[in-house]
Every structure is written in structure tokens, then in C-alpha cells.
Amino acid sequence: MADSGDRRRFIYNLHEQSKPVGAVRWLPSVSPFLRLAAMSVLSPPAIEIHSFSSQSPNPNPDLNLVSSYPLPSSATSLTSFKSHNYTLIAASTSTGSLHIFSVNPYDGKIESQIISISDKDSFHCGPIQSIDVETSSTGECATAGEDGRVNLVLIGEDKVENFRVCESDGLVAYSAVKWGSPVEFVTGGVGPGLQWWDKRRPGGPVAQFKGVWGRGTVTGMIHSIDIHPSRKHTCVVGGSSGAVYAWDLRWQQQAITLAGTGLEAKSQPFSESEVWEVKYDAFTPQVSSTKVLPVMMCSEDGFLAVLQQDERPVQLLEEPCAINSFDIDPQNPSDVIVALEWESVGILSRGREETEMA
Amino acid sequence: MPGIPSDSSSLIPFALEGSSQPPPVYPLQHGLRAPIHRIHISWSRGNLLNVTCLRPPPDQQEEMAREDDGIGGKAIEVLLGGAILEGNIGEHKRRRIAYESVKSYAFLHDKKISLAKMETGDNLSAPALTYWWQYTLEYSKSIRDILGNARLHRPLIEDPKNFLKPEEVEQPIGTKAAWELMEIFYVDMQLLSWLPERLVDWLEGYDSLLSKTETVHSKLAILQRKVTSMRVVEDEPGYWNGLAAALAVGWLDVVAKLLRLHGSYDPDQFDKRETENGLVEAVVLLVSEMPRMRPNLPNGKLGICYQTKHDYIKGLEKWRVKVSGLESSPFWVHCNHRPTRDGLINLLHILLGDAKHIADATSHWLELFISHLLYIRPLTNGLEGMGNLAEKCMNLKPSANNGLTSLLAGILSENPEIVLADCLKAFGPWIVAHAVDLLTANSEYTDGLLNEERYQLGGASIGELYMLVYAQALASHPLTWQVAPAYLSTCLNQGRGLLEILLLRQPVQNYRVVLKTLEICHLYELGNISTHIMKMAGMYQWKHGHKGLGIYWFQQSRDRTRLSQIAHKLFDNIGKSLSDDSFKQWEGLMELLGSDVGIAGGLEFLHKYREFKRSLQQIVNGGTVEAAKKSTELLVQLMRNPSTPQRFWLPLLLDSVKLLEWRSGPLLGVSETNLLLGKLQELSMAKLRPDFHGGELKPNALGDVRLALAKNLGRAILEES
């Protein structure tokens, strides 16, 4: 069904970790020779910063543990961003706490803790399933929890403020959140699909999409949302039953299926299991400007693939175990880091030829 | 499990009556002062036992007296049945092996199934069987790779004084040695003709595992450390001992390298040592020309290969003539250096297969066995001959047996059951579960023995039993349990049941974990188990206030009973209060329940009901006729609507009394009043039924409503006429 990618152009290295890895993220790097990546690990729960040299003559560079930030419980979401020349890492946990700390961009050492919030009443009780930081102007961190709360955390100069956007009293369990613009964000969860929120219009979501998939009989779960900075009205969503679809705010009633048994039955399922993460892939060239931009996804049944509207999926990896998370390096979109279920991390470098050919 | 401890600080297992052997005693170091008051024992992960020892609670005076040693108890972890040889494998390495090996195992079993399907037409076609051992060999090789690749870092410039193999990246592990041993004997049919040579190769890789101190390897390792500081190597007895030992087990390249360190090669020397040097070189030459019964030799290894027995015997005879020629050569007289002369002649004796010299050179019985195979009985074939030889060597050199040596003894005694039991004891359940396929690859007898269903094992075969043991070990760890289903699914008798138990036992707190479990259910087509898991997840979430997630799981599992219970509860609550907050809750719940609500009506009813209630509120607070009329309209709509649940009729009728008693004239017409009367009649009938939901209304409520309706009917008739 899927074209398996031409592996000759790929360099794929697997790094055994000897402990379970949850999420992986590239960190902005200042040196072209030293690359940094953050990963959330278990036993004991922590965020680890690893470095590896990308220019070394050794074709199989080792990941070296640089520093580690302990967490009170297992990490549920991890994100890295740059703010005022600081490299920051934000992580949420399964006991409802949020931690933000800064990392030295030259060597990956942890510099200082910026935030550590944990409050059952005013913040979250229960796992925070997803966080996202608005980096272009406000620096606000949105958190969405299984307890049905959505909070915004404002990181000020000398104090930290958080206020609640939504309290659903457990009616909705939120599992994903993503900023679209400095004032708008999208949440996804169990049951009633996607919600589009606008900070200027408090009280409830401004738009909703009730995605019903899985052959139309049941609602599914949303695991991940991504919004492209150049197309803020479209969000791409990955969820249950191998479903990946794009929802355009301008055509709210209809979503575009990219993969999965989907909203319409016409498309062949590529993967039928959970799609854990989706991200726009800046490396794969765009075919047509009217179509949804290429999207990368990873799944429980071990696929890493690039999906395009009305095209066959390009399979990059087929692992014997689940791929729990991946990240595309924003600075070098050819490089992808993946976290595998079987206690290992893989680094995939896609060759340059592909762009030249296109 | 509290128990009374014995006086000494040890645990004594319960012994069965009549068992011949005394129960083994394993002392535990807990470091507590006697007396021990209580012991608690509980299982932890895998083979780990938690033993908690508690001292008696101190009396108050005593407490004052020894405040300093305040330790009242201690918890100790005891690892049971830990494989003796495998101390150097860490937990994560074990898990890595488990992850990697499942691929190879699943691949082999897929092949087995597809072959079995092909063969259903004509029973057991010969080609399929001949291919089978090749598949097994592939499998065996892939497993061997998983156990550790001997990645050697060969230095660019070799130090002549480095004669031992450069330090491997990883120490050889016993499991790999055992695996290779089984592969040699059970799988590779092509290699049977050069079995002795295979064993020589095997020993070269794993000699260090036989014993810590008494092996050729340990001898050479000591020599290697010393050799750099030795000035005149040929004067040291250790040098000649090492040479003899290396030669005896057939490490010819090591021998050649060592001999070349001989002082006579040194270009700047005062004595005339040409003859001596010539003799050393002659031995090197003979050693490097030793005939070997094998197809090829890896790079850097010495000897001349012979493919067929006939050629080999011819070559061997010629070579032996050369060796004995050198031994009786007149040049020895001219060799002035006595240790060199003795040492070299000793080497020649070994080459000629002198049993005494060989026995002196080797340390372990297995080494003696190998050198017998090399120099005395190179054409030994068949397990029986080897078994006898091994027994002889064991008697000659009684050495402490460990897992590997007893495994070899087991293989040679041709008893697969003993082989597997020894493996389990020494190397743990992983190797046994994977080795069953090796043992059965080429032997129908073994296949029958291990795969025969046995009544006393609950219908399972021995092979299946070992598989189940391994699967249990995997299942006991939260990181490896996902690997266990691949093994359980191949167990035809008990596997399915255990798989179901395993899946049902997984935690349901985290929905991502639940989804992973469901994925496995889907893979093995366990629909009813996934329904169960979803129901459990739903109950958990519902109980913890995550109503949305709870309802989601109930809907996924199509749990109509629970969904309609939720709906009933919801409607019960709606009648009680109508504040904005709780209304939002109900609205949300109703939306979640959607079409699954057991009671017709749903969201539409809820909104209408709310509207009616609101307008009624206004009237009570003093509203206009228009408002009252609108209210009445809403009431009639609700009563007419078939989706209005019956349980709401009575509350609605009670509410209508306020409208019926409107002071400025009847609001309801004749037909409308008749409709309400009809409903009231139906309700009175329904009240007699046992399943009636009455709610908490006053006993004379029905009477009040009836009276008000009758009054209104009268007024309406008058009005309309």
C-alpha cells in the first residue's frame, strides 16, 4: 500500500537507552557540530538532555547524556522553545504539574528552573496530557488535562500567572493543545472532536468540529495536533484508528482525510492503530499550493511516514515496536529523532537528493 | 506470610516428607540484632523476593536504654534462581535480548505455519523438511547476533607482544556460549563432518567462561601481562607452559606469535643461535601446516584445510612424518639452550598426540577433551564416541562443573530433556524457550518428545511449558509484558488463556496504556477481552469523575446497561434542580451520551423542559397573560411529544396546576385538557405496574391534579360554548 522510502538516501542510527523513553524533542543548537536533544525518560522519571556530534567521522555517533532534570512523576508532554536567547524546555507530568527550565545552548547543561507549578485546585488534578507554548509574542503556555481543564500559564518577568480557560468538570478529557496564533489555540480530546478557542472571546470555544470516525459508529481520541505558522486556519490532527485529517476553519463541516479509515470510507487505511504524533514536514516538497502541506506521523504499529493529500504515503520507518514520539529538527528539517517503545531512540537523516529531484 | 524464624539468621524452605536430600539452606545477611520477631515474605518483580525482617517492638524502658540502635527492621531483596554464569548481564541487557529475539522467533514461527499450510496437501513433503533446518539455522544465527557481536577493534599496527585476542568490546556471555553449543550439535547439518573443529573454535571463544582461574585462557592472560616486562622470555617456564597450553587446545596463531617472541629471533645478540632459531622456526612451520578437517579457516588462523576424510588422512600422515622427523633430528644436540629444547620437544609431543603431554598442558577437562579431539582422535564422529571420551576426560581431570560443561555433557548423553533443564538452571528461561526450536530442528524423535501433549502437564507439551515459563517471566515486568503475547500465541493449549489473563491484568488508569493493550487484543483477535478492558477503563474513569472518558469507553464497549443506567440517573437529577451550572453539566452529559441514551428524547426534550420551567418561573413571579399562554403552549408541546419520558409526566402535570388555576380564565382548551386527562389516566394505570418510577411526590398529588383538570375542563367547556 505504502511506498517504502528509498532507504539508500537515509542514514538511520538506533541508540539503546536502557530505560523507557516517552517523548523526544530537538533543542535549538548554536553550533553546527554539536546537536542537542531532550527526551523524557522513566525509572526514575526525568527529562534528559543528550548531545551528539553531527560532524564526527564516526558514522554512528553516540548520544551522550549531558544533564538530567528530575520530575515528580512520568512526563506526559514535552516541548522545547527559544525565548530571549534562552533555550527553554517545558514538560508536564501525569500528576498534573508543569515544569519549565532553561538549558545552556552550547553544552546542554541545565541552567535554572523557571517554573514548577503543581496545584490540584487552581491548576490541574490528574494528568496534563498536552502542553504548547506560544513563542511568537506572548510566551504563554497552554495546558490541557485529562481532568477537563485548559489553563494558560503566563511567564512574566518576576511572577507566574495561570488562569483557567475552561473547566468541563470531567465531561471532556483533553488530550492535545496547539497554538494557532498569539490569541487562538485548538484543543482536542475524547468525544467532541476539536475546539477552537479565542482568548478575546472567553466563555467557550468559538468553533467546534465533531469528528466522528472509525466507520462512523464511534468517536475517536485525538492524540496530537499541529498548525503550520503560514496556514493558521488549518490544523492537522492524528488520532485513533490510524486517522490523520486536516480541519480547515473556513470549511468547518468537512475535514480532509490524509490517512486512516477516516471520515470518508474511500481511502485505504495505511495504519489502523493509534497515531501518536503528527507534524508538518518542511523537508518533503509541497506538491500543490491548494493542498494540505505534507505531514509526518508515527504510530503504535511502528510506522513513521509522510502523508500528502491524495498521494500515497511515503513510509520512512517500519519498526517492530511502537514509535511513541518523534520530532523534526526545525533548523535541519532533514533530521528526525524518534522514540521507540523498546527503550531506544533513533535518529534519521534524510539525504539532500530528494529535494533536488523534486 | 508471617512466620517464626529459626535461631540462626537463615531461611529454610519447606521440605517434602520422604525426600532423600536434605533441604538446602541459604543464609541471608540482614545485619539485624537477634532476636527477630517476624518475617514477611512477598514476591516482587520476576524472581525477586522481598524479605522483611522485624525485631520485636521495644518496651518503653528498653527504648530508653538503646536509643542508639534504632533499627527496628530491614527489608532485603533476594534474587532466586539467578543464573550462575549470567551475573554480568544487566537487567537492561536482558530486556534488550528479549526485545530483539522476539522478531526472529516470530519470523520462524510464521514460516512454520506457512510451511504447515503448504504441507496439508501431501503429508510432509521432503523439500519442506530439508529447508527447515536452514530456516532454523538462519534463526539461530540471528539470535546469536542479538546475544552480542564480537566486534573486534583491530589496531592498525599490531604489537608483536600482543598475542592474545584484543579485548573484546563485550565480555563473552555464557548464554551465547550455550546457544552456540546447541547450534553446533543440533542445527547445522553441514558441519557435522567437522564437528571436532567446530568445538575447537567454540572453545577459543568461550574458554574464559569455563572457570575463573584454571583455564588455558587464564594462563595466557597472566603470561600476556608479564610478557611485556620479560627480557628473556625463553628462560621463563611460564612462557613454555603457556605455549604448550595454547597448542593443546589448538590456538595455533597464538602459538606462532608466541614462538616468534623467542630470543633467537633477536637480530643483535652475541651468541650463535642460528640452530636454535632454525628449530624454533621449524616448529612454527609445522604448527602452521597442521592439517585440519574443515572447509575453511577464518583470516589469521593457521593450518591447512582438508574437505574430505580421505585427503585429510593422507595429509595428516605426511605431516606426522615431518613432525616425528623433526623430533628425532640430530640438530637438537646443537641446541644449547635447555629450556628451549625441552619446550619445543614438548610441543612436538603434543602435535604427535602424546596423551601424557596433552594432559599436562591442559587445565580443564573440557580442554583436555578438545585436545584429544584435535590430536588423538580427530575423526571422532557421533555423539556416543564423544560422550565416552568426555567421560574419560572428566575422570582424568575432575574440575568443577558449571552450566556450560554440564550442558555439553547433557548434549553428549543425547537427552534433550536434561539439556533443557540444565539450560534453565544455568541461563534462565529465555534460552530454553528459544532453544526448543534448535533441538527439534533435525530430529523427529526430539520433536515428538518435546512437542507431545502430556496429560500430566494439563495438555501442554514440554516445549510449551518452557515457553509459558518464559512468557511469565516477561509478563512480570512492566516493560517487557508487551513481548509476552508473541510467545503465548504459539502455545496452543494454555497460551490463549494466559494471554487473556495477562491482558486483563494491565492497568487501566492511563488511557494511552489502555490503547496499547487494546492494540494487542486487536492483533490477536480477542474482541471480548478488549470489550472487558474498555468496560474496566470506563468504570475507572467514571468513578474518578472523568465522565467524558468514562462514557467514551462505555460507548466503545457498547455497554448498553451502564449507559442507560447513567441516563436514568441523569434524568432523576434533572427534576430536582435547574440552576445554570448543573444544567450545563446535564447538557454536556446528554451530548456525550448522544443517541446511546436508553430513553428517547435526549437533548431536545431537555431544552424544551428547561424553557417551560423558565417561563413558569416568570408566571409565578407575576407574569402577563401572554407569558402564561406561551407557557401553556410549551406544556402542551411537551405532553404531545412522544419523546417526553413518562417519568416527567407527573412533575409536568403538577406544574400545570399553576396554569390551570390561572385567575383570569382558562388557558387550556377542551381538547388540551382532555389530552392532559388522558395522560393522567395512563399514569394512574402505570402506577399499578411494578416497574413504575414514581419519584418523591406527595401521595395525594394525583388527586390534586385530577381536581384541577376537572375544574379547568368545566371552565373551558363553558368558555367554548
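Predicted model: local features only at pLDDT ≥ 70, side-chain atom pairs only at ≥ 80, totals over all residues.
Chain B holds 31 helices and seven strands. Among its contacts with a separation of 6 or more, 64% join residues 24 or more positions apart.

**Stop 1: the largest nonpolar core**

Next, select A:Leu304 together with B:Met182, B:Phe185, B:Leu220, B:Leu259, B:Phe369 and B:Trp553. These residues touch the most other members of the largest nonpolar core, which has 165 residues. Which helix gives the most to this core? Colour helix α4 of chain B, residues 174-187: this helix contributes nine residues.

Now centre the view on B:Phe369. Setting aside neighbours within four places in sequence, show what B:Phe369 contacts: B:Leu199, B:Met386, B:Leu389, B:Ala390, B:Cys393, B:Leu408 and B:Leu412. There is also a second, separate core of 55 residues, and A:Ala144, B:Phe554, B:Val657 and B:Leu668 are included in it.

**Stop 2: a pair of helices**

Select residues 252-259 of chain B, which form helix α8, and residues 274-288, which form helix α9. Their axes come within 10 Å and cross at roughly 165°. Are the two helices roughly parallel or antiparallel? With that angle over 145 degrees, α8(B) is roughly antiparallel to α9(B). The crossing is left-handed.

To see where they meet, show side chains on B:Leu252, B:Val255, B:Ala256 and B:Leu259 of α8(B), then on B:Val280, B:Val283, B:Val284 and B:Val287 of α9(B). The residues of this contact are eight nonpolar, with no polar and no charged ones.

**Stop 3: an enclosed helix**

Move on to helix α24 of chain B, residues 547-556. Nine of its 10 residues are buried, so the helix is largely enclosed by the rest of the structure. Among the buried ones are B:Tyr552, B:Trp553 and B:Phe554. You have already met B:Trp553 in the largest core and B:Phe554 in the second one. After α24(B) comes B:Arg558, with a positive phi near 50°.

**Stop 4: two loops with positive phi**

Most residues other than glycine have a negative phi, which makes the next two selections worth a look. In chain A, find A:Ser241 in the loop between β22 (231-239) and β23 (244-248). A:Ser241 has a positive phi of about 55° and is partly exposed, with a relative accessible area of 24%.

Finally, return to chain B and pick B:Glu414, in the loop between α15 (403-412) and α16 (416-427). The phi of B:Glu414 is positive too, near 55°, and this residue is partly exposed at 49% relative accessibility.

Technical notes:
Residues numbered from 1 in each chain as written. Chains lettered and ligands numbered in written order. Heavy atoms only, no water. Core = buried A, V, L, I, M, F, W, Y, C linked by side-chain atoms within 4.5 Å. Buried < 20%, exposed > 50% of the residue type's maximum accessible area, 1.4 Å probe, protein only. Helix = DSSP H or I, 4+ residues; strand = E, 2+ residues; numbered from the N terminus. Contact = heavy atoms within 4.5 Å. Axes fitted to C-alpha atoms, helices over the stretch in contact; angles between N-to-C directions. Parallel < 35°, antiparallel > 145°, perpendicular 65-115°, else oblique. Left-handed = near helix turned anticlockwise from the far one by under 90°. Nonpolar A, V, L, I, M, F, W, Y, C, P; charged D, E, K, R; others polar.
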